[in-house]
Amino acid sequence: MEISNPVLPLQGSADKTIPALGFGTGTYPFVSIETTKESILHAIELGYRHFDSATVYQTEQPLGQAISEAISLGFIKSREELFITSKLWCCDAHHDLVLPSIQNSIKNLNLEYIDLYLIHWPVALKPGKYSGFDKEQDFLPMDFKSVWEAMEECQKLGLVKSIGVSNFSCKKLQTLLATAKILPAVNQVEMNPIWQQKKLREFCKEKGIIVAAYSPLGAKGSLWGTDRVMENEVIKEIADAKGKTIAQVCLRWLFEQGASFIVRSFNKERMKENLGIFDWKLSPDELKKIDQIPQQRGYLALEFTGNGAPFKTPQELWDGEI
């Protein structure tokens, strides 16, 4: 039986919405296409309706295959029941490469359009550099204005329903907004109880931009992930008192902050548990306790900082939001 997954309104028109809970497809190390496809198919069967992909994840093709199979198996009636996100990688963050990149993603997904397309990072690489880039040679200045104009054009063409960004600080959003004709619908960033993004969330709220949270549980198991979220004593105590899992408390907290969030687990039991957060609430006292948790960003993105990189320090990349 399909489980409820509430939606949040997006900028642009009254009928544009994004499911609160999304299923992440990016893994490191990469898993097989078949494993990815089967996990996505099971997620659709469970009731997930938002799927988050990216060019650099190499998961667009298995996602497209899973969508086709889900329709054939009767899990969904049509592609319109799903919300699909993909992202522009840094080497395609050039005005003339945006359209070909989106067209390639649509082809990989075997779809006619993408619901949400994001600029993955406020960083540009030399064309073709999808991996293994050299800090000293491969970075180029990113022209926010021209890249965003190309994104806007793709929305006008109907290739994407909404456009947005990822990993943008308040300051970088301000730079983008200064010339944007279409406002970004979403800013996808790291967000969880130990990195609550209070300043950025307030800024985005003022501008009508939805914050979508990646690493809502700390991304334990990834190269840069941390167990600080899942081992946090405050969250543990709340979970024990409510008879919920630590993950469920974290996700419920995100939902109550008005955020969309991307969970990434191919474990069938956890996939089901992550959906069980919409029929209960955190108390004001519990919310206050979470609000007082000491804050620390998990992902500094050091690969984009240092000598030769576009930003000398993490402080510069994140504009002090660290």
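This is a predicted model: local features need pLDDT of at least 70, side-chain atom pairs count only at pLDDT 80 or more; totals for chains, interfaces and linings use all residues.
I started at Ser86, whose side chain makes a polar contact with the side chain of Glu60 at 2.6 Å. (A polar contact is an N or O pair within 3.5 Å; within protein, one atom must be able to donate a hydrogen and the other to accept it, and residues adjacent in sequence count only if both atoms are side-chain atoms.)

Residues are numbered from 1 along each chain as its sequence is written, and side-chain values use heavy atoms, leaving out hydrogens and water.

Ser86 is in strand E5, residues 83-88. (Strands, E, at least two residues, and helices, H or I, at least four, are DSSP runs numbered from the N terminus.) Is Ser86 buried or exposed? I got 0% relative accessibility, so Ser86 counts as buried. (Buried is under 20% relative accessible area, exposed over 50%, partly exposed in between, with a 1.4 Å probe and protein chains only.)

Next, cysteines. I looked through the whole structure and got zero disulfides. (A disulfide needs two cysteine sulfur atoms within 2.5 Å.) The closest cysteine sulfur to that of Cys91 is in Cys90, 7.5 Å away, so it is too far for a bond. Cys91 is buried, at 0% relative accessible area. Cys204 is in no disulfide either, with the nearest cysteine sulfur, in Cys170, 6.6 Å away. Cys204 is buried too, at 0%.

Last, I checked helices H7 (residues 233-242) and H8 (residues 246-256), whose axes are 8 Å apart. (Axes are lines fitted to C-alpha atoms, for helices over the stretch in contact.)

Notes. Axes are lines fitted to C-alpha atoms, for helices over the stretch in contact, and angles run from 0 to 180 degrees between N-to-C directions.
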